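Subject: Handover of a structure

Dear colleague,

Please find below the structure that I am handing over to you.

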Amino acid sequence: MTPVTADDTAGMSPLFARLTRGGQWLRQADRARPWVLDTVVVVLVFLMFCLADLVHGHDGRRELAARFTRPPVAGMLALQAGLVLPLLWRRRNPSAAFAVIMAVFLLQWSLGVLLRADVALLIALYSLTLHGTLRRLAWACAVTAVGLVLVAVRASAVVSVWDALFFLFSAAIAAVAVGMAVRIRRAQLAGLRERAARLEIERDQRSRLAAATERTRVAREMHDIVGHNLAVMITLADAGAYACDVTPERGKQALLLIGDTGRQALGELRRMLGVLREEAEAPALSPQPGIVDIDALCARIRSAGPLITYRTAGDTDALDGGVQLTVYRIVQEALTNSLKHAGADTRVRLAIGVEGARVRIRVQDTGPPDDSRPAGPPNEDGHGLAGMRERAALYGGTVDAGPVPRPGRGWAVQATLDLTPLPGSEGGTP
C-alpha cells in the first residue's frame with residue numbers, strides 16, 4: 001500500500017488528515033505485527049463482556065437466574081475461553097475459529113448458560129465473511145441460523161420467540177453485511193492499486209519507447225548531417241591536395257569550400273542539439289531545411305566535382321514542412337551516396353515531382369568513369385538507406401535503390417511519399 005504523504009492530505013481538514021495518517025500508521029503496524037491487534041481484540045472482549053459475567057452475573061434479575069444456569073467460576077472461565085481465545089486466529093484461519101466458537105456456543109446454550117461473551121460469535125462471523133471463502137460463509141450462516149433459533153427458544157421465557165429471532169438475526173445479518181462491505185471495499189482498493197501499478201508500468205514503457213524513438217531520430221539526423229558534409233569535405237580535400245601541385249588557386253578554392261561546408265555542418269548540428277536542450281529559454285533556431293534548400297545542397301555537391309541536373313514538377317512549395325524536410329533528407333542521402341561511391345566525375349540527375357497526393361523523388365547517377373569503383377552503395381542495408389526508408393515510411397511511402405536497369409554503370413534511388421490523409425484525421429499530412 002502506498003504511504004500517505006503530506007500532498008495526499010493537503011486538501012483535507014486537519015482532523016480528517018490526522019485520522020487518515022493515524023489509520024495508515026495502524027495498518028503499517030498491523031502488517032508488521034498482526035498478533036498485536038488480534039490480542040487487543042481478545043483483551044477488549046474479555047474486559048467488556050466476560051468480566052461483567054464473572055463479577056455481576058445476571059445483575060440480580062430473578063427471571064434470568066431462574067431460567068438460565070450459572071456455572072461455577074471455573075466452568076464459566078472455560079466457556080469464555082472457548083468463545084474468546086479462538087479470536088486470536090480469526091484472520092489467519094477464520095473457518096477454524098468460527099467452527100470452535102460455534103461449537104462452544106452450542107454447548108453453552110444446550111447447558112442453559114447465558115454469557116455476554118457470545119458476542120465473539122458475531123466477531124467470528126464478521127471475520128469469516130471478510131477473510132474466508134463465500135462457500136464456507138454459506139455453511140456458516142446456515143449453522144448460525146440453527147444456533148440462533150436455539151437461543152430464541154431458550155430465551156422464550158423472558159422475551160417472545162419472534163422478538164428474539166428478529167434481534168438475533170438482525171445482529172448476525174449486520175455482522176455479515178459489515179464484513180461483506182469491507183471485503184468489497186478492499187477488493188476495489190486492490191483493483192485500483194493494481195490498475196495504478198499497471199498504468200505506471202505502461203507510462204514507463206511509453207517513456208522508454210519515446211526515448212528510443214527520439215534517440216533513433218537524433219541518430220538519423222546526425223547521420224544525415226555529418227555523413228553528407230564529411231563526404232563533401234573528404235572529396236574536396238582529396239581534390240585540393242591534387243590541385244595544390246598543379247593549380248594552387250584550385251587548391252585554395254577547395255580549402256575555402258571545405259571551410260564553408262564545415263561551418264554549415266556545425267550550424268546544422270547546433271540547431272539540432274539546441275532542440276534537445278532542457279533550458280527554460282531555448283535559443284532562437286533557424287527553420288529546418290526544405291525543398292527550397294535543395295539548390296544550395298546541389299551547389300555544395302557540384303563544388304566537389306559531380307555534375308548535377310535538378311528539376312521539379314508540381315507545386316512543391318505547398319508541401320508541409322515535415323514533408324519538405326523528409327524530401328530534403330532523402331535527396332541529401334542519395335546525393336551523398338553518389339558522391340561517395342560514384343566519385344567526383346559522375347553525372348547525377350535529380351527530379352522531384354508532386355502528383356496529386358504523391359511526391360516522387362528520383363536520384364540517378366552515371367556511376368564512376370571506369371570500373372575501378374562499384375556503381376552504387378556496396379551495402380544496400382546500410383544506415384543511410386535504412387534511414388531513407390524510415391523517413392519515407394512516416395508518410396506511407398517506399399524507397400527503392402539499385403543499379404540502373406540498362407547496360408552500363410549507374411545507380412538509382414527512387415522514393416515515393418503518400419500524402420493521402422489518414423481516416424479520421426482533420427486533414428494535412430500524416
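The notes below set out what was found.

This is a predicted model, in which local features need pLDDT of at least 70 and side-chain atom pairs count only at pLDDT 80 or more, while totals for chains, interfaces and linings use all residues. Residues are numbered from 1 along each chain as its sequence is written, and side-chain values use heavy atoms, with hydrogens and water left out.

Overall picture. The protein chain has 12 helices and 5 strands; these are DSSP runs numbered from the N terminus, with at least four residues (H or I) for a helix and at least two (E) for a strand. Of its 430 residues, 37% count as buried, where buried means under 20% relative accessible area, exposed means over 50% and partly exposed lies in between (1.4 Å probe, protein chains only).

Salt bridges. A salt bridge is a side-chain nitrogen of Lys or Arg within 4 Å of a carboxyl oxygen of Asp or Glu. By this rule there are 4 salt bridges. One of them joins aspartate 38 to arginine 91, with the closest N and O atoms 3.1 Å apart. Aspartate 38 belongs to helix H2 (residues 34-56) and arginine 91 to the loop between H4 and H5, so the pair links parts of the chain that are 53 residues apart. Aspartate 38 is buried at 4% relative accessibility, whereas arginine 91 is partly exposed at 21%.

Arginine 90. This residue sits in the loop between helix H4 (73-84) and helix H5 (94-110). Arginine 90 is buried but has no salt bridge, and the nearest side chain of opposite charge, that of aspartate 38, is 4.1 Å away; Lys and Arg count as positive and Asp and Glu as negative, with His and the chain ends not counted. The side chains of arginine 90 and serine 127 do make a polar contact of 3.0 Å (a pair of N or O atoms within 3.5 Å; within protein, one must be able to donate a hydrogen and the other to accept it, and residues adjacent in sequence count only if both atoms are side-chain atoms).

Strand S5. Of the 8 residues in strand S5 (residues 411-418), 6 are buried. S5 runs antiparallel to strand S3 (residues 358-365), with 8 bridges between them; strands pair if DSSP finds at least two bridges between them. Strand S4 (residues 398-403) also pairs with S5 in the antiparallel sense, over 6 bridges.

Yours sincerely
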